[in-house]
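Opening the notebook on a new model today. I want to see what sits around the ligand and how the chain is laid out.

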Amino acid sequence: MRIESITARELKMRLKAPFETSFGVTQDRRVVLLEVHTDVGTGWSEVTAMEGPYYNAETIHTAWIMGREFLSGLVLDVDVSSPEEISKLMENVRGQEMAKAAIECAAWDAFARSEGKSLSHALGGTRDVIASGVSLGIQSDTGRLLDAVEKELADGYRRVKLKIKPGKDVAVVAAVRKSFPDIDLTVDANSAYRLEDADLLKQLDDFGLSYIEQPLPWNEIYQHSLLQPQLKTAICLDECIHGVRDAEAAIALGACRVINIKLGRVGGHSAAKKIQALCMAKDIPVWCGGMLESGIGRAHNIAMSTLPGFVFPGDVSASQRYWVEDIIDPEVNVTPQGTIHVPTDPGIGYRIKVDEIERRTVRREEWTNRVSIPVGAAQ
Ligand code: OSB
Ligand code: MG
């Protein structure tokens, strides 16, 4: 397989409701899609970076620049026998996992399609149904949060994750646990606490949470290793894990007992596979995180979630929770039992709504080894 050109598009999309985390509020999404054109067909992916560098160091704009200026030149016109080799070609570029992941994931879609296999099968997935959870943003008051939890449970979701931040933590979680004593409940701090907050975080041990996600800074595996022994509740690392070596370090240091795998954050499907294999060997449960993706990013998440070791429900929920109209057909649907049926068509297995994508596109470029041609400027 050989990538001959890459089409990058930036789309405007608006979430149905604002989503608040400890690092900010998101409603208007800038979604960057890549379409790779190979000698064996086309593949699609999404850059899962946020608009600003507050979740991790990348943004959708830095990923665009990295893709155009450095990464595309490394992968274009090179013959590879598998998408794993695409990741290797980009190895010397430091960081930029989300930019790399987008190129690698699109190559996986093209590769799976060319083999007539679903992406799930091409990756080695073993499930035809995955369990779906929800991530609930910080709410202005607890009454609204309780209503939101009730609605998600009525829709079938198997696990509820509450975003927390200082001042919106112990009392909020206590209220939810009191109203819903038996549900699979977790919290996600997105790095909002410091080791000195250990006594406050210990109070969360009273609520039978499945895990506390990323309480401490985004690049602090060591400090999580000092916190985990002080808590009864498992720590789940998200922001800290940028690849399999971080996962190795975190497990060896006892910094967590669960890992959230996000394709973008770790650099793509090949890296995600390595982390899930390591975690299986070490008895560390993993699950698939989300980045408020459009259907294209979500389709990749669904395929990855079918690998063994993805034992907890992921943040992979229905298109309807996020968008009035998604850019894939059919949309991602969740059954009343809180499951998603994994598509069986070749590649990501959903039809790409190219007309809808074009309608929302605000900038577009073709990356080839010859020259970068801007087609239509940013608005
Ligand atoms: O930490 O998991 C996170 C969204 C944006 C950035 C980081 C995170 C999230 C979510 C939402 O929790 C997951 C989703 O529903 O896509
Ligand atoms: Mg998280």
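**Ligand shell and domains**

I started with the make-up of the shell around ligand 1: by class I get 7 nonpolar, 3 polar and 8 charged residues. I keep in mind that this is a predicted model.

Next I asked which residues are the closest to ligand 1. Of the 18 residues that surround it, the closest are Ser 135, Lys 163, Asn 190, Leu 292 and Tyr 322.

Then I went through polar side-chain atoms facing oxygen atoms of ligand 1. For Tyr 322 I noted a polar side-chain atom 2.4 Å from an oxygen atom of the ligand. Lys 163 has a polar side-chain atom 2.9 Å from a ligand oxygen. For Lys 262, I found an N or O atom of the side chain 3.0 Å from an oxygen atom of ligand 1.

Is ligand 1 buried or exposed? Taken alone, ligand 1 exposes 390 Å², and the protein buries 99% of that. I also checked the pockets: the largest pocket is the space that ligand 1 takes.

Now the chain as a whole. How do the two meet? I logged 39 residues from domain 1 and 47 residues from domain 2 in the contact.

Last entry: where does the shell around ligand 1 come from? Domain 1 and domain 2 each supply at least three of its residues.

How values were computed
Residues numbered from 1 in each chain as written. Chains lettered and ligands numbered in written order. Predicted model: local features only at pLDDT ≥ 70, side-chain atom pairs only at ≥ 80, totals over all residues. Heavy atoms only, no water. Near = heavy atom within 4 Å. Polar contact = N/O pair within 3.5 Å; in protein donor to acceptor, adjacent residues only side chain to side chain. Areas by Shrake-Rupley, 256 points an atom, 1.4 Å probe, with all protein chains shown as cover. 1 Å grid on protein atoms, 1.4 Å probe; cavity = no way out; pocket = protein on both sides within 12 Å on 5 of 7 lines; lining within 4 Å. Sits in = over half its atoms within 2 Å of the grid points. Nonpolar A, V, L, I, M, F, W, Y, C, P; charged D, E, K, R; others polar. Domains from an automatic or database assignment. Contact = heavy atoms within 4.5 Å.
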